[in-house]
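Morning, everyone. Please have a look at the model on the screen, and then we'll go through it.

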Amino acid sequence: MKNSYLRAGAALACALALSACGGDDGELLLGGYMSGVTKTGLVLTNNGGSDYAVQPLNGGAGSFNFPELISTDDRYSVEVKAMPSNVERCDVEFGSGRAGYHVSSIIVTCILKRHALGGPVSNLKSPLVVVNGSDRVEIPAGATSFKMTEVPEDSPFGVSVLTQPAGQTCTVSNGAGLMGTSDVSNIAITCTP
Amino acid sequence: MKQSLIRPALVLALAATLSACGGSDDDNYTVKGTVSGIVYPGAVLTTNGMDLPLGVPATPGGTVSFEFPNKLKYGDEYDVQFKSYPANQSQCGSLANTIANNKDTAGRLADINITLACDVDAYALNGTITGLTVDGLVLANGSNTGTLTIGKETTTTPKPYTFTMPVVQFGVSYNVVVVTQPAGLTCSVANGTGVMGAANVTNVAVTCVPN
């Protein structure tokens with residue numbers, strides 16, 4: 001009677017021990033390509049196992065690999081456990097399957113939060129062209145405010161005059177900075193009479 | 001007697017078979033494919049003595065299909081090249097040629113389908129810095145390419161002290177701005193805003209003065 005409990009217990013312990021080391025003694029990489037990962041906070045798991053805190057990359061895009069290796073024929077299932085604070089969401093594609101060889105086909109796409117960029121315009125009498133890098137906006141005569149294309153959180157921005165209006169000179173104040181967690185609406189464009 | 005009839009019949013059958021595979025009315029292979037990324041006019045493709053001008057797609061930068069007018073025979077070699085590039089797109093094909101089947105023998109594949117790509121030429125966005133006596137200056141080209149942190153000028157810094165922003169494509173606007181001022185200094189940018197032309201920009205000037 002006792003013996004059989006012991007035996008069951010031993011079997012259970014054995015099974016637990018085996019499952020605990022199951023993922024670690026492999027020789028295959030588990031990873032893929034990620035984008036939108038510009039700061040720390042992304043945590044991935046495989047089969048609900050230990051946390052993999054993904055390091056951000058310059059530009060937010062590049063390859064990633066779990067620190068633990070897996071073995072041939074292992075089933076894997078990658079999920080997002082936590083996201084960086086500056087993203088709307090992170091999606092996993094091709095996140096589960098069975099390993100035949102190194103797995104490099106998992107795609108993690110994080111969509112960055114974006115916020116408005118603009119502000120008041122005063123005394124503009126003919127059209128003015130402003131830019132934020134490649135984003136070019138023509139502000140019509142008489143406009144009292146302007147808006148650029150929305151900018152990802154934590155991204156730099158800079159609004160500058162590309163083409164002055166005829167007969168006027170406009171200046172931009174508060175034109176450059178880093179996008180925070182809310183809209184920027186204090187970029188002021190002031191034009192001479 | 002019987003034998004002599006069989007022999008010509010065989011020869012005839014053989015000739016018929018041969019003409020079926022290599023014959024002159026078997027011009028069955030159309031050299032065709034797609035080019036992506038064309039933004040400017042001027043592209044001309046060429047192969048087997050044919051020239052084929054390509055237009056700009058309705059959505060510039062989208063994909064255009066092409067098909068050379070004369071079909072090729074089985075076994076003809078083709079090698080599709082740009083005879084002229086679209087304006088401001090001298091990188092056409094160079095990347096795609098390494099992966100595309102632009103050069104082959106007609107009939108080796110059931111269908112000839114060539115994929116080529118064009119990119120708009122990009123030019124440098126560089127400049128000089130003066131008066132940067134402390135670390136902490138951060139520059140950016142709008143929201144396009146992240147930030148560039150620039151260290152202070154030291155005795156070993158080559159003069160003039162230059163910086164290199166990521167390249168900008170022809171026709172695209174840029175503006176170099178100060179995102180973070182170094183402690184105790186105010187840096188301003190001259191010649192920092194423009195639209196990239198067909199030459200490197202090297203005259204962006206950042207000048208830092210003590211507050």
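Over which residues of chain B does pLDDT stay under 50, and how many contacts beyond four places in sequence does the model have for them? The stretch is 14–24 of chain B, and the model gives those residues two such contacts. A reminder on terms: pLDDT is the predictor's confidence in each residue, from 0 to 100. Two residues are in contact if their C-beta atoms, placed from the backbone, lie within 7 Å. Residues 94–99 of chain B also have pLDDT below 50, with five contacts beyond near neighbours in sequence. For chain B, the mean pLDDT is 86, and 84% of residues reach 70 or more.

Ground rules. This is a predicted model: local features need pLDDT of at least 70, side-chain atom pairs count only at pLDDT 80 or more, and totals for chains, interfaces and linings use all residues. Residues are numbered from 1 along each chain as its sequence is written, while chains are lettered from A and ligands numbered from 1 in the order written.

The scores: ipTM 0.73, pTM 0.75.

Now the interface. Chain A puts 19 residues in contact with 16 of chain B. On the chain A side, elements giving two or more residues are β10 (128–132), β11 (135–139), β13 (156–158), β14 (160–163) and β16 (176–178). Strands here are DSSP runs (E, at least two residues), numbered from the N terminus.

Last, domains. Chain A has domain 1 (22–112) and domain 2 (114–191), with bounds from an automatic or database assignment. Their C-alpha centres lie 39 Å apart. Four residues of domain 1 of chain A contact four of domain 2 of chain A.

How values were computed:
Helix = DSSP H or I, 4+ residues; strand = E, 2+ residues; numbered from the N terminus.
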